Amino acid sequence: MSSAIETTSRSGQAGHWGKDVRSDLHVAFEARDNGGIEISLESRVAPYYGGAILEQAREVLAALGVEHARVAIHDEGALPPTIGARIESAARRAGMAIGKTWLPEQHPLPPPSNKDRLRRSRLYLPGSEPKYYINAALHAPDAVILDLEDSVHRDEKDAARILVRNTLRAADFGACERMVRINQLPLGLEDLTEVVGESPDLILIPKVERPEQVVEADRRIGEIKLRHGMTRPVWIMPILESALGIENAAAIASASENVAALTIGLEDYTADLGVAKTVEGRESQYARARVVNAARAAGVQAIDSVFGDVGDMDGLRRWGEASRAMGFEGMGCIHPGQ
């Protein structure tokens, strides 16, 4: 079962529960005028961790300034960062916790990411599904992408950015570069406000068509870094997904010194052209060559799109070899097997 955005102005839900759900929980929050805090819990791990879940729930509510509420929790093995994110999301949807937050314990940050580090493979992880975070580093991609855009339903954007924020703070992704794909601007500016304070290594900006979009996002990142006293770099990778974006590739690639790489999204690009995307890629040859040339001219990396057929490993190899021959230095992955 999935969450609902809101049932009344003083109630809200967040998260998921059910037999097919793992590492998540569902929270139903109802604000009250009095009566204190009342929490009910159903959990498959209640005999072992029920007490800890209830203790954390009270801690989160206190941090959010909630004094009177009825909270029903259905837990499916969620870890503390997810528990906190779901409670906070439900409270916000009920109109509570405005301007307040709860943060999990900070996991030690990895060393800052170099602008020219290897980015051969980057694995997309849906921003609303915590079950994919736990073992992502075991597949050893050069980077993981916590995705707030295409993999997240529009009604779940608010809850996903809180979950991604907590994940950036608490999860151990080993040697993987920690990337976040925000939503298309201007919605993506809200994503930046929530997640940049937790030091992602790189931000992917989708559907970029003009250099001004990169400048706007870069300015917002800089403001947030200043507010948090951050000195670590936060690199930018614009994604070109339209004919106009491709034609402006050179200006976009050089729009900021924080642009580390340039990439293309072929699903949306071919849709913009009104042509079918093929495994040979003839319809996108011009656009991909333009991306490589613009990236090289700007002194940044050229990164190819994803290969969409997760069952075709031979096709993936052929695409990757052709991609490398064109001058690309990496590509996206939508399944760990890739």
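In this predicted model, four strands form an open sheet in the order β1-β2-β4-β3, with mixed pairing, where two strands count as paired if DSSP finds at least two bridges between them; strands (E, at least two residues) and helices (H or I, at least four) are DSSP runs numbered from the N terminus. Because β1 (11-15) and β3 (37-43) stand at the edges with a single partner strand each, one side of each is left without a neighbour in the sheet. On average, and with direction ignored, neighbouring strands of this sheet are turned by 10° against each other, the axes being lines fitted to C-alpha atoms, for helices over the stretch in contact, and angles running from 0 to 180 degrees between N-to-C directions. Residues are numbered from 1 along each chain as its sequence is written. Local features need pLDDT of at least 70 and side-chain atom pairs count only at pLDDT 80 or more, while totals for chains, interfaces and linings use all residues, and side-chain values use heavy atoms, with hydrogens and water left out.

Across the sheet, β1 and β2 run antiparallel and are joined by five bridges, with A14 finding its bridge partner in V27 of β2. Eight bridges then join β2 to β4, again an antiparallel pair, and here E30 stands opposite R70 in β4. β3 and β4 (residues 69-76), by contrast, run parallel and are joined by seven bridges, and the bridge partner of L41 in β4 is I73. Six of the eight residues of β2 are buried, that is, under 20% relative accessible area with a 1.4 Å probe and protein chains only. Helix α1 (residues 46-63) lies across β2 (24-31), β3 and β4, and runs at about 145° to β3.

The 14 residues of α9 reach 20 Å from first C-alpha to last, close to the 20 Å expected at 1.5 Å a residue. Its buried residues are A287, R288, V291, V292, A294 and A295. After α9 comes G299, with a positive phi near 75°.

Definitions and conventions:
Contact = heavy atoms within 4.5 Å. Buried < 20%, exposed > 50% of the residue type's maximum accessible area, 1.4 Å probe, protein only. Expected span 1.5 Å × (residues − 1).
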